[in-house]
Amino acid sequence: QVLGYGTFNDHGLGGMPPEGFKKINVHFVYAVKHDGRHKARLVAGGHLTDIPIDSVYSSVVSLKGVRVISFLAELNDLKLWSTDIGNAYLESPTLEKVYIIGGPEFASVGLEGHTLVIVKALYGLKSSGLRWWEILADVLRTMGFFPSKAERDIWMRDKGDHYEYIIVYVDDLGIAS
């Protein structure tokens, strides 16, 4: 899936990275989900990157916010759903100027030894959380949602006789509709 999302720009075997880009490492983190599925995440060595000049802070809904939306859903006879957005960070471009040299884990796809410029917000990069939040916020705005004045990770949409709500915790959503 990492390749399917266009995570890298391939500069070829032994290729030169663009001027001003920094070499970092990546590694895979493996997990077994509660239902027995296996999951792998490609994680960038963001600790090797320079400290960003701009803020990279990305908020999440508070526990109080979750409780308020649960209360509003019950009060207004709304249904509650929760969901996880798979590969969320890979939906977002990164502004960090980093590259890797494909290791043996890339041999099966013919990219071992290739210079791969990272163009998507991988886990581990300092700005990835904010880049994902910005993409999600843009999508929610186009759907007519606006952030609550009390908490920016509670999104609301006026449906005439009631409001719909979406609460955001990184790539997990709670929906009251």
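Predicted model: local features only at pLDDT ≥ 70, side-chain atom pairs only at ≥ 80, totals over all residues.
Residues are numbered from 1 along each chain as its sequence is written, and side-chain values use heavy atoms, with hydrogens and water left out.

**Exercise 1. Find what the buried residues of helix H2 pack against.**

Step 1: Locate the helix. H2 covers residues 128–142; helices are DSSP runs of H or I with at least four residues, strands are runs of E with at least two, and both are numbered from the N terminus.

Step 2: Check its span. From first C-alpha to last, the 15 residues of H2 reach 22 Å, close to the 21 Å expected (1.5 Å times one less than the number of residues).

Step 3: Pick out the buried residues (under 20% relative accessible area; exposed is over 50%, partly exposed in between; 1.4 Å probe, protein chains only). Among them are Trp132, Trp133, Leu136 and Leu140. An α-helix has 3.6 residues a turn, so residues three or four places apart point the same way.

Step 4: Look across. The buried residues of H2 pack against strands S9 (154–158), S10 (163–169) and S11 (172–176).

**Exercise 2. Trace how S10 pairs with S9 and with S11.**

Step 1: Take S9 first. S9 and S10 run antiparallel, with 5 bridges (pairing takes at least two DSSP bridges). Isoleucine 154 has isoleucine 167 of S10 as its bridge partner.

Step 2: Go to the other side. S10 and S11 are also antiparallel, joined by 5 bridges, and here isoleucine 167 is partnered by glycine 174 of S11.

Step 3: Inspect the turns. The S9–S10 hairpin has 4 residues between its strands, and glycine 160 there has a positive phi near 95°.

Step 4: Ask about cover. In S10, 5 of the 7 residues are buried.

**Exercise 3. Work out why phenylalanine 146 counts as partly exposed, and what it is in contact with.**

Step 1: Phenylalanine 146 sits in strand S8 (residues 146–147).

Step 2: Read its accessibility. Phenylalanine 146 is partly exposed because its relative accessible area is 36%.

Step 3: List the contacts (heavy atoms within 4.5 Å). Neighbours within four places in sequence aside, phenylalanine 146 is in contact with Ile154, Trp155, Met156, Arg157 and Tyr163.
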